[in-house]
Amino acid sequence: MSHYSAAIITFDIETTSFFYGEDLKPFLYRKGKSPEYWAEQSAGALPYLWQLGINDNYYYGRDLAEFYAALEDFPNDLHAIFWIQSLNFEWHFLDRLHWDFVFAISRHRPIKATCLEFPNIEFRCTYAMIDRSLAEWGKVLGIPKLEMNYNVLRTPLTRLSKKILTYGQRDLEIMYAGIKAELREYGSVWNIPLTSTGVVRQPIKKALMDNDDYKRFIKKLIPAEYNPRKQLKPGD
């Protein structure tokens, strides 16, 4: 028998962005070069830290192979939602997963996805759900997002300070507090709308479906002999 997790599970990846030349040696952005110069350079990004939150308990890893190993230990009979602030960005780094179902609101903007390896885990985008950046969301919740110097080349082997670890955890703390606040309205993580527009659609849909007069009105609009398979001939 399958079970559905009520936990608030959050996930985030910290990355370094850089440029590289023909020798493949990475270098960082620096002032003094024209926009045309940077447009001609090859760009790359490297994950160097990941964070996983289960409610208000937080775990760290440096190599994404460790994250995949953690997923292997996840119960096969437990369905869960993994909340990610920017799914359209983070999933580029989860390239060992083979996505078999993706729901997107536009090209390159997935808001919900599952993979073949772990079909009981549903990855959802919190940005689409709340329509706010983490900084904006944190400001509303009274949990300010922390600052960090991004123009530093970091790898999974780079020794990280407590400040950077705290920075990563704060992002999860904002998501946890934000989703917890949503539960006061929806009761379960499974009831939270996928998008901010769904917040409006859900109560309207419920109000209309509970209205017997409205349902009778809709039924009267359907022709008695309506056949959706019938094709009109030219001139009809």
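Student: Which helices do the buried residues of α5 pack against?

Tutor: They pack against α4 (126-130) and α6 (162-186). Packing here rests on contact, meaning heavy atoms within 4.5 Å. Helices (H or I, at least four residues) and strands (E, at least two) are DSSP runs, numbered from the N terminus. This is a predicted model, where local features need pLDDT of at least 70 and side-chain atom pairs count only at pLDDT 80 or more, while totals for chains, interfaces and linings use all residues. Residues are numbered from 1 along each chain as its sequence is written, and side-chain values use heavy atoms, with hydrogens and water left out.

Student: Thanks! Which residues in α5 are buried?

Tutor: In α5, which spans residues 134-141, the buried ones are Leu 134, Trp 137 and Gly 138. Buried means under 20% relative accessible area, exposed over 50%, and partly exposed in between (1.4 Å probe, protein chains only).

Student: Why are they on the same side of α5?

Tutor: Because they cover an arc of only 100° around the axis. That arc is taken from the directions from the helix axis to the C-beta atoms.

Student: And what does the face turned away from the buried side carry?

Tutor: That face of α5 carries the exposed residues Lys 139 and Val 140. Following α5 you'll find Gly 142, with a positive phi near 80°.

Student: Back to α6. How do the axes of α5 and α6 cross?

Tutor: The two axes come within 10 Å and cross at roughly 60°. Axes are lines fitted to C-alpha atoms, for helices over the stretch in contact, and angles run from 0 to 180 degrees between N-to-C directions. α5 and α6 are therefore oblique to each other. For the cut-offs, under 35 degrees is roughly parallel, over 145 roughly antiparallel, 65 to 115 roughly perpendicular, and the rest oblique.

Student: Which residues meet there?

Tutor: From α5, Leu 134, Trp 137, Gly 138 and Leu 141 meet Asp 171, Ile 174, Met 175, Ala 177, Gly 178 and Ile 179 of α6.

Student: New topic: which residues touch the most other members of the largest nonpolar core?

Tutor: Among its 26 residues, those are Phe 11, Leu 64, Phe 67, Phe 82, Leu 94 and Phe 123. A nonpolar core is a set of buried Ala, Val, Leu, Ile, Met, Phe, Trp, Tyr and Cys residues joined through side-chain atoms within 4.5 Å.

Student: Which element gives the most to this core?

Tutor: That's α2, with four residues. Elements giving two or more residues include β2 (9-20), β4 (42-54) and α2 (64-72).

Student: What does Leu 64 touch?

Tutor: Leaving out residues up to four places away in sequence, Leu 64 touches Phe 11, Ile 13, Pro 47, Trp 50, Phe 93 and Leu 94. There is also a second, separate core of 16 residues, which includes Tyr 58, Ile 81, Ile 174 and Ile 192.

Student: Let's look at loops. Where does His 108 lie?

Tutor: His 108 sits in the loop between β7 and β8. Its phi is near 65°, a positive value in a residue other than glycine.

Student: Is His 108 buried or exposed?

Tutor: His 108 is exposed, with a relative accessible area of 59%.

Student: And what is the phi of Asp 131?

Tutor: Asp 131 has a positive phi of about 55°, although it is not a glycine. You'll find Asp 131 in the loop between α4 and α5, and it is partly exposed, with a relative accessible area of 48%.
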